[in-house]
Amino acid sequence: MPRPVLTAIRFRPAVAIARIGDSPSPLEAFTWGEDPRIFGAGKTVIVPRASFEVLPDGSLEPYMPGSIRFKDGRAVRPVCPFLELAAEVDRGFGRLSVEPLTGSLLNAAGISPAQVSFEVLAANRKAERRTGDPACRFESRLFVEGNHHERVALRAWSHVTSGEPLVLRERPVPLGYLQVIRPSLRISQVRDLCFDTLRVRFTPATGEVYGPPGAAESRTVGSRGAHVIVPPENRILNPAATWSRYDFHTAPAPRPGDTYDGESDLDQDALSWGVVDDTCDVRITVTVATPTQPLNAVARVFVGPPDFAPDRRPFYSIADDLADRDPASLQKRIRDATPREWHDAVTDLFRRISETTSLINVERQRFRHIDINRQREFSNPTGFPEIGEKTMTAADRIQCAPLLSDTALAAIRPAGANANDSPTLPRAEYAKIRHDQLAEPEILLRILLENRQRVREILRPPFARTSELPAGPRSLTPFTLRDPRVPRSYAYDMRMPPYLRDGDFAPLSLTRLQWELLFRDYTAGDETAEADFAEAVYRQLNASRRARKLRARRQPKAGA
């Protein structure tokens, strides 16, 4: 057999999410599943998956957790992703294959673990982005050899030669750890998991905040008293740094501009306290020095806060967002979707919407965004939904048609003689009830197939792509894709999803893929084709219903 030749390498996954936590025990692996004991729209449940324990020598021990614990007392368990390596391998005879990059494969290719290296850059650039001052970013730079299997700490400071550094080298901010996992042949395969694969594990920081010595106490509007901004032991930042004097009223501010400590402080008057946290973005570059040429691969890890509701799936994910970056692929996916794929995609979307709705206080969001609309002095063209006090009321209309149904109006009627029997938050309660109904495939698909115009009325259109925009701003209708140059595109109204904002402070919408999937032109004006498509979808619905019913019958009863 000829010696295998590595022609390319890659990380799996290339993008990972880590979540901060102050427990020493990492969160175990789990996935989302459907509770088979519930007939109809099964609820999402947490399903444990095979997990790894990192042993003292850096190798792995597999186990299957009986349950998933998110906290140890008050301490939150961090999410610490593994990133595996794969290789494109030429084994001769014109054959190329992609397979895990293992210690055995390295040895067969004549490469030692010492010829594998990892370069790590972990950085927090939030303060730099606001101030425009490079001295306000802090980062950790590491080089780890592939045969070094101890955890390596990521300690960050401001790597600058001019200006006032925010984080001093002698008082760095910890951003977590990186560990190169030791490949092991002790157990070759357990539960389809390969332990000889080259892996790294990133462990995020614990969720601390840091500030200059003056970041001690603060008073905000509505607070009962002063609260501690930064613990005394974490007041280690440079008070002379630009970030400690930042004010979004006088400096160019990215949106949203009011998300920093000091903006709402009664004494600071929008002046920053100079506070930062220990989240970061991480870039990991691996290099394998093969006999012919060095091979490289890059992975990224995004560090964020703990998941507020891990058993509730968001309706708008990173995967959904990335899908919108490839218009050609998007159009093909819409055009080629079979009735079964369409059925599965839209029912899953509305189940995720239902789960998101269960976390939202619609009343609070409505009041907040009425005030935002007022502050930004939006005008509202005729035919568009209301953006003031009349939003989500009987007076709210779209092109003269009422936006709220009679059932919704009855649910949110003003409290009267039966006030004690009415929910405290009628809009929020009704939204949960209604979206739970739409999570039932029978109800949802009937509405989507038989009331497409009604669905179009109550959904907010996404923004058009740049290539779809005319040379100048155009007059919009409530049903056209939004134009970012038209101010009304940024006004909040009750169209779904109601009163939620995107990352740029604009009203949130479905992704373009989700939007076009719902309004797919599967008929092209052909009534026969429309009937055939609807019939095929209903056949798929009946098949799915029978399968769920069968799973529910097979599931043991509670207490059995």
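The legends below describe close-up views of a predicted model. Local features need pLDDT of at least 70 and side-chain atom pairs count only at pLDDT 80 or more, while totals for chains, interfaces and linings use all residues. Residues are numbered from 1 along each chain as its sequence is written, and side-chain values use heavy atoms, with hydrogens and water left out.

**View 1. An open sheet of five strands with mixed pairing.** The strand order is S2-S23-S22-S11-S12; strands (E, at least two residues) and helices (H or I, at least four residues) are DSSP runs, numbered from the N terminus. Two strands pair if DSSP finds at least two bridges between them. Strand S2 (15-19) and strand S12 (138-145) are the edge strands, each pairing on one side only. On average, neighbouring strands of this sheet are turned by 20 degrees against each other, direction ignored; the axes are lines fitted to C-alpha atoms, and angles run from 0 to 180 degrees between N-to-C directions.

**View 2. Strand S23 and its pairing with S22 and S2.** Strands S22 (residues 281-289) and S23 (residues 294-304) run antiparallel and are joined by nine bridges. A hairpin of four residues links S22 to S23. Isoleucine 284 has alanine 299 in S23 as its bridge partner, and threonine 287 stands opposite asparagine 296 in S23. S2 pairs with S23 in the parallel sense, over five bridges. Arginine 19 stands opposite glycine 304 in S23.

**View 3. Histidine 149 in the loop between S12 and strand S13 (152-156).** Histidine 149 counts as buried because its relative accessibility is 10%; buried means under 20% relative accessible area, exposed over 50%, and partly exposed in between (1.4 Å probe, protein chains only). Leaving aside neighbours within four places in sequence, the contacts of histidine 149 (heavy atoms within 4.5 Å) include Asp57, Gly58 and Arg182. Glutamine 179, also in contact, is 30 residues away in sequence and 6.1 Å away in space, C-alpha to C-alpha. A polar atom of the histidine 149 side chain lies 3.0 Å from the backbone oxygen of valine 180.

**View 4. Helix H6 (residues 362-375) and its ends.** H6 has 14 residues and reaches 20 Å from its first C-alpha to its last, close to the 20 Å expected at 1.5 Å a residue; the expected span is 1.5 Å times one less than the number of residues. Among the buried residues of H6 are Val362, Arg366, His369, Ile370 and Asn373. Helix H8 (426-438) is included in what covers the buried residues of H6. At the start of H6, a side-chain oxygen of asparagine 361 comes to within 3.1 Å of the backbone nitrogen of glutamate 363.

Methods. Polar contact = N/O pair within 3.5 Å; in protein donor to acceptor, adjacent residues only side chain to side chain.
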